[in-house]
Amino acid sequence: MGNGHDMAARRKRVRVRFAPSPTGDLHVGNARTALFNWLFARREGGDFILRIEDTDASRTDRVYEANIVEDLRWLGLTWDEGPDVGGDFGPYRQSGRLALYGEHLERLIAKGSVYPCYCSDEELEAERLAQVARREPPRYSGRCRLLSAGERARREGEGRRPAWRFAVPPGTVSFRDVIRGNVTFEGRDLGDFIVVRSNGIPAYNFACVVDDHLMGMTHVIRGEDHLSNTALQLLLYRSFGWQPPRFAHHALILGKDRAKFGKRHGSVSVREFRERGILPEALVNYLALLGASLGGGREVAGIDGILASFSLNRAGKSGAVFDEEKLAWLNAHHLRLLDPEGLRSRLDPFIRKAGYGGEEEGRLQAVIAAVRDNLTDLWQIGDYLVMFDDGRFRLDEEAAAVLGREGSREVVAALGEAVDRHGASFGAVMAYVEEKTSRRGRDLFLPVRAALTGRVRGPELERVFDVLGPESVKKRVAKVLGGVART
RNA sequence: GGUCCCAUCGUCUAGUGGUUAGGACGCCGGCCUCUCACGCCGGAAACCGGAGUUCAAAUCUCCGUGGGACUACCA
């Protein structure tokens, strides 16, 4: 007995990684991949590694790397090893591993797995065009594979610097994907791919395999868009004689038109959602929910709840459309779960952005308490701050229309009188106005709301009244009445 | 075009041979003696098509159809 336990104990410690290329801000799709890896590592008691794939110097920017790191931290996806925290398998930036790739290229050359290709971009392009014209699949013909030593020497003599291509062998490449089951590719459909570019920089698939192996990855969890890359990478593992990791390819996030979720679909980066006032826990919750389910019909969950029910098997195989409205709903939910201090600190950057925060803390908290149930994102606090600011408060179109209606001025005038008599008691004030104007319900409340807040929607009137206080109420009444009721 | 992957309400999903096909977002109606938000109640809304296997198919098989990804000296 105890076999299962022994097996588990003997099993290698799980190691997974998130390997972004710093060519832009963190895309929510990539954030979701990072989340899956993080969850998997935490679930299995393994390590989560951050590796920066910055081999293409022309597209890479250190600023993006810093942003990605910041956004991942903001989401709460911390890593055990990475460029900033170190670890035993570094360097964690591919730009610092060039010597390693060089050594490994030598090994492939020695094994005869790769060959130098002297074709220029123009030649390659012409070949592709010809293939397309002949209605053939555009694939590298492999012509440099047959070059004799003499022909190679002649090209070298012309000063041509070769790129190294992998000589894809005939036969099939297949693997068992954790999410998709068996996947098979035919070698002849693959085409000899570039391993090291003519400028000496390793190409993605090669660098990725060398790093994943050297860094001891046990699982590679990534988007479905890498499915065909996996076939190429497996060929590399085979050549090196390495045991490949387990692969799991999750489905992609789609836009409304069901195409890969991209810029034309609106906000796509973590940063954009953050700046719009989305809570990290809401985004994480949504990303975990998208294309999957938490089980038991549960949808709202914090990171612990997500962790408890996470399983790669629960990830769907088909692409999932990103639904901003559901994200907004989740955000409103998580907003309400925050305690007052938590909400206050999350709100802080948005309060400052709106130009507030310097005033009395008590008043600020009163405003927050009054509007918190109406908030669906953090950004909206700015509008409410303006609404409660006597100096900046304005009537919007709908409010002006309400106040222009028959009988509205009468209500507002009565409100002014009521405040003079009953001061801070909302109940007494409204009772007076109701008696005086014999209006009730909407006809009574809406003009009051419009006069006091400048809008026709907002927090409960009593709370607005309390935060405003008699002085502000009178100022607003006077403003609406055009200075008539000034005292 | 080629290769690979996928297919339940508009959207995200539950469902692993027998269910009135469930839930969530959104939408519509109602309630909560103002609005919005929240909450609650109710409603409309789906198994891509065709064969086959089976007593029985959303579930298994095949063929269509549709959608997506990949198809760079980007990652």
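The axes of H11 (residues 280-289) and H13 (residues 324-337) come within 9 Å and cross at roughly 135 degrees; axes are lines fitted to C-alpha atoms over the stretch in contact, with angles from 0 to 180 degrees between N-to-C directions. Helices here are DSSP runs (H or I, at least four residues), numbered from the N terminus. This is a predicted model, where local features need pLDDT of at least 70 and side-chain atom pairs count only at pLDDT 80 or more. Residues are numbered from 1 along each chain.

Glu281, Ala282, Leu283, Asn285, Tyr286 and Leu289 in H11 touch Lys326, Leu327, Leu330, Asn331 and His334 in H13, contact meaning heavy atoms within 4.5 Å. By class, six of these residues are nonpolar, three polar and two charged.

Now follow Asn331 of H13. With 0% relative accessibility, Asn331 counts as buried (under 20% relative accessible area, 1.4 Å probe, protein chains only). Beyond neighbours within four places in sequence, Asn331 is in contact with Gly277, Ile278, Leu279, Ala282, Thr376 and Asp377.

From here, on to the cores. Leu283 and Phe322 have the most contacts inside the largest nonpolar core, which has 100 residues; such a core is a set of buried Ala, Val, Leu, Ile, Met, Phe, Trp, Tyr and Cys residues joined through side-chain atoms within 4.5 Å. A second, separate core of 30 residues includes Val173, Val183, Ala231 and Leu236.

Terms used. Chains are lettered from A and ligands numbered from 1 in the order in which they are written. Side-chain values use heavy atoms; hydrogens and water are left out. Helices (H or I, at least four residues) and strands (E, at least two) are DSSP runs, numbered from the N terminus. Ala, Val, Leu, Ile, Met, Phe, Trp, Tyr, Cys and Pro count as nonpolar, Asp, Glu, Lys and Arg as charged, and the others, Gly among them, as polar. Buried means under 20% relative accessible area, exposed over 50%, partly exposed in between (1.4 Å probe, protein chains only).
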